[in-house]
Amino acid sequence: RDLTPIKTAYQNDFLIGNAITAEDLEGVRLELLTMHHNVATAGNAMKPDALQPTKGNFTFAGADAMVDKVLAEGMQMHGHVLVWHQQSPAWLNTTTDAEGSTIPLGREEALGNLRTHIQTVMEHFGDKVISWDVVNEAMSDNPSNPADWEASLRKSPWYNAIGPDYLEQAFLAAREVLDDHPEWDIKLYYNDYNEDNQNKAQAIYNMVKAINDKYALTHPGKLLIDGVGMQGHYSINTNPENVKLSLEKFISLGVEVSITELDIQAGSNYELSEKLANAQGYLYAQLMDIFREHAAHIKRVTFWGLDDGSSWRSANNPLLFDKNLQAKPAYYGVIDPV
Ligand code: XIL
């Protein structure tokens, strides 16, 4: 294959990543992965349900094998994810009442579970990762009043058990670990989707600013949240101007920004017309152009899967390579931005 490696095309800009499962670390998939990427995210292997299915029972074997293989291949690793409302075992933040209904766990017990999970997982992987998604998807989808970020939060099980300060508590727990290991260089991220929606972007901005401003009162010049992750689950109808506005808004927080789960849905039923394939390639090109213009503030651009066949949105053909691992117009759009 004489394709330009994506990581080479962007070597002066930012890291190029992909989301992986164990199958991506073998044979021809591994070749494609290492040819184009220099950083990996576990698609599922480091989520709370994978790492602590029942209380105190940490199951690291799968993730350890993945992380060690990624590092042995000369790539870096991003940690995904410590606190989320999906793929997260119920025991962390809920319990059952006398009638057998699910109810929120008491605040102190939930906080204990939150802190133990974060600290055990971070201590375990140590500086094998360059960054962690500490909290994922805490914001509601289209907040009507972004100025009130606390009221805009998703009413997730963590929110219901602990209250709106669960995010701050999660980042404080993670920061304690890093303070114990000054030799580690690890960034703490807040990560979310629909972040091209300007109401949602504004609510996220207000939230990160409030949490970091409060922390700076007692830790002058220090950040509690180091980075904002823009997932980037887009579609052919996404307006790149909105992506740019959100990116510049997050950069203005003085944090690092990464594009963490990029894919662009186009077509349906596993079918992609030539016209839509070209439009998808053009949108990838426009987005990569915007990212390159802001490369000084962007650490990493990670695609969410190697090929359409293995994508979580497989029917909508969102990635750079087709199910036979052949480069699509999307790949060429990424290599040659407009
Ligand atoms: C997805 C995985 O790719 C799927 O395999 C899994 O079934 C569901 O989760 N936002 C995130 C990712 O932060 O963890 C999700 O990954 C996609 C949406």
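Helices, labelled H or I and at least four residues long, and strands, labelled E and at least two residues long, are DSSP runs numbered from the N terminus. The structure described here is a predicted model.

In this numbering, Pro 318 is located in the loop that links strand 11 (298–303) to helix 12 (329–335). Pro 318 is classed as buried because 26 other C-beta atoms lie within 10 Å, the criterion being 20 or more. When residues up to four places away in sequence are left out, the contacts of Pro 318 comprise Asp 263, Ile 264, Gln 265 and Ala 266, together with Asp 308, Ser 311 and Arg 313. Between Pro 318 and Ala 170, which are 148 residues apart along the chain, the C-alpha separation is 32 Å.

The ligand is surrounded by Gly 43, Asn 44, Asn 136, Tyr 193, Gln 231, Glu 261 and Trp 312. Classified by residue type, this shell consists of 4 polar, 2 nonpolar and 1 charged residues.

On the side of helix 9, the contact is formed by Gln 198, Ala 201 and Tyr 205; on the side of helix 10, the partners are Asn 242, Leu 245, Ser 246, Lys 249 and Phe 250. The composition of this contact between helix 9 and helix 10 is 4 nonpolar, 3 polar and 1 charged residues.

Terms used:
Residues numbered from 1 in each chain as written. Predicted model: local features only at pLDDT ≥ 70, side-chain atom pairs only at ≥ 80, totals over all residues. Near = placed C-beta within 6 Å. Nonpolar A, V, L, I, M, F, W, Y, C, P; charged D, E, K, R; others polar. Buried ≥ 20, exposed ≤ 12 C-beta atoms within 10 Å, placed from the backbone. Contact = placed C-beta atoms within 7 Å.
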